[in-house]
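Please look over the sequence and the structure shown here before reading on. The report that follows takes up the packing of helices and a covalent link.

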Amino acid sequence: MASASSGPSSVGFSSADPGVPSCASSSASGIKRPMASEVPYASGMPMKKIGHRGVDSSGETTYKKTTSSALKGAIQLGITHTVGSLSTKPERDVLMQDFYVVESIFFPSEGSNLTPAHHYNDFRFKTYAPVAFRYFRELFGIRPDDYLYSLCSEPLIELCSSGASGSLFYVSSDDEFIIKTVQHKEAEFLQKLLPGYYMNLNQNPRTLLPKFYGLYCVQAGGKNIRIVVMNNLLPRSVKMHIKYDLKGSTYKRRASQKEREKPLPTFKDLDFLQDIPDGLFLDADMYNALCKTLQRDCLVLQSFKIMDYSLLMSIHNIDHAQREPLGNETQYSVDTRRPAPQKALYSTAMESIQGEARRGGTMETDDHMGGIPARNSKGERLLLYIGIIDILQSYRFVKKLEHSWKALVHDGDTVSVHRPGFYAERFQRFMCNTVFKKIPCLSRPSVRQRGLRHARQS
């Protein structure tokens, strides 16, 4: 078992694509089937590996040779302990050194005077910047008991990773939080970002950037498994009809044939231009609020020299859904055991954009289900679920790769890696000129025309 580090350790995360389908579901219909992670692990079976993620022939998922079921159990034991321990510490302002604190606790299988007995192998659980992340959670209105209830009262649900990163994704049973395993290389970048992230949240809690609620590490079998807890962009209770990952680039930005064969493929920029050439129409207030939020978020990313991020957008077509059989929708019952349930503030797409879009006093209604109302060129009613993902491409890191090959040129534009300012500008231009558009206003007569008409009538 690897020992705990004595000083400030590096931690890693990468923004998740929370839109990956659940391994508990065979399709978007929401019909549940046994999760692969619940199948008993058969040692010695051949593994299909993607990065650190493996799956043996019986269907058991592993990460760095730790089974998914053991990892889920360790995460829940660790978070239960660390949140409880944090509750004994007095509330105070966040100090600079809080961003670099790492707390560690050992969980022997037989239990100890601090930890319960469990049926997994011994492991150590680390919590990064606990006081700072407590502040982040409070800023989003997440109470400690809500955080614990969401993550630890029911088994975590494993999602089928749609990317090539080899990460594991879990979602809490109430759909509030995503947990993602993350790599060490992105870790140092996160630690450097935390003070700036703190400053940005203070100034602007309404943001489409990922909302990070906790950062942890499970040390098991001599391996470090780092995880991040973040907001869930795409609720499983809403059927998504199509999903896009948009960057504002067109070079090789088309979903592969393999991706298209998935139940809910993630399409790309060229697919969007082909499928929805006229764009998506929002009312003027909503459009202005969305573009203002994108502009502000891109400025933050540019200041940190971050690039290669995407806008994840999933679309629920209200008119299509009303024509579909009711049996195809996943139904969720209200859990009456939960004391005073409270969703995280600013966590839905609707809440994440600027407050100027409020109409009639409230921004979100039951009809919107957290999505941003829009229409396509056919006039069909849509709900958009959006967020900026993959925010950890540091320009400095990417430029090192750039030296090994020459930048290609496509339509007069370099398609390899641009400086962060150019990337942000191109991203905003594509989103606010091509993807999102204002609903055309009915032309109204000018003041002069009204005056002439009145004069003729009199």
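## Helix 2 beside helix 4

In this predicted model, the axes of helix 2 and helix 4 come within 11 Å and cross at roughly 25°. Because angles under 35 degrees count as roughly parallel, helix 2 is roughly parallel to helix 4, and the crossing by which helix 2 passes helix 4 is left-handed.

On the side of helix 2, the residues that meet helix 4 are Phe 133, Tyr 135, Phe 136 and Leu 139, while helix 4 contributes Leu 194, Tyr 197, Tyr 198, Leu 201 and Asn 202. Sorted by class, the residues of this contact between helix 2 and helix 4 comprise 8 nonpolar and 1 polar, with no charged residue.

Helix 2, which spans residues 130-139, is mostly covered, since 7 of its 10 residues are buried. These buried residues are Pro 130, Val 131, Ala 132, Phe 133, Arg 134, Phe 136 and Arg 137. Helix 4 (185-203) is one of the elements that cover them, and the others include helix 1 (68-86), helix 3 (144-152), strand 5 (102-107), strand 6 (123-128) and strand 10 (212-220).

After helix 2 comes Gly 141, which has a positive phi, near 70°.

## Helix 7 against helix 11

A second pair is formed by helix 7 (residues 284-303) and helix 11 (residues 420-435), whose axes come within 9 Å and cross at roughly 165°. Angles over 145 degrees count as roughly antiparallel, and helix 7 and helix 11 are therefore described as roughly antiparallel to each other. Helix 7 passes helix 11 in a right-handed crossing.

Helix 7 takes part in the contact through Tyr 287, Cys 291, Leu 294, Gln 295, Cys 298 and Gln 302, and helix 11 through Pro 420, Gly 421, Ala 424, Phe 427, Gln 428, Met 431 and Cys 432. The contact of helix 7 with helix 11 has 9 nonpolar and 4 polar residues, and no charged ones.

## The disulfide

A disulfide is a covalent bond between the sulfur atoms of two cysteines. The structure holds 1 disulfide, and it joins Cys 291 to Cys 432, with an S to S distance of 2.4 Å. The pair links distant parts of the chain, as Cys 291 lies in helix 7 and Cys 432 in helix 11, 141 residues apart. The link of Cys 291 and Cys 432 is left-handed, with -130° about the S-S bond.

Are these two cysteines, Cys 291 and Cys 432, buried or exposed? Cys 291 counts as buried because its relative accessibility is 12%, and Cys 432 is likewise buried, with a relative accessible area of 12%.

Definitions and conventions: Residues are numbered from 1 along each chain as its sequence is written. This is a predicted model: local features need pLDDT of at least 70, side-chain atom pairs count only at pLDDT 80 or more; totals for chains, interfaces and linings use all residues. Side-chain values use heavy atoms; hydrogens and water are left out. Buried means under 20% relative accessible area, exposed over 50%, partly exposed in between (1.4 Å probe, protein chains only). Helices (H or I, at least four residues) and strands (E, at least two) are DSSP runs, numbered from the N terminus. Contact means heavy atoms within 4.5 Å. Axes are lines fitted to C-alpha atoms, for helices over the stretch in contact, and angles run from 0 to 180 degrees between N-to-C directions. Angles under 35 degrees count as roughly parallel, over 145 as roughly antiparallel, 65 to 115 as roughly perpendicular and the rest as oblique. A crossing is left-handed if the near helix is turned anticlockwise from the far one by less than a right angle, and right-handed if clockwise. Ala, Val, Leu, Ile, Met, Phe, Trp, Tyr, Cys and Pro count as nonpolar, Asp, Glu, Lys and Arg as charged, and the others, Gly among them, as polar. A disulfide is a pair of cysteine sulfur atoms within 2.5 Å.
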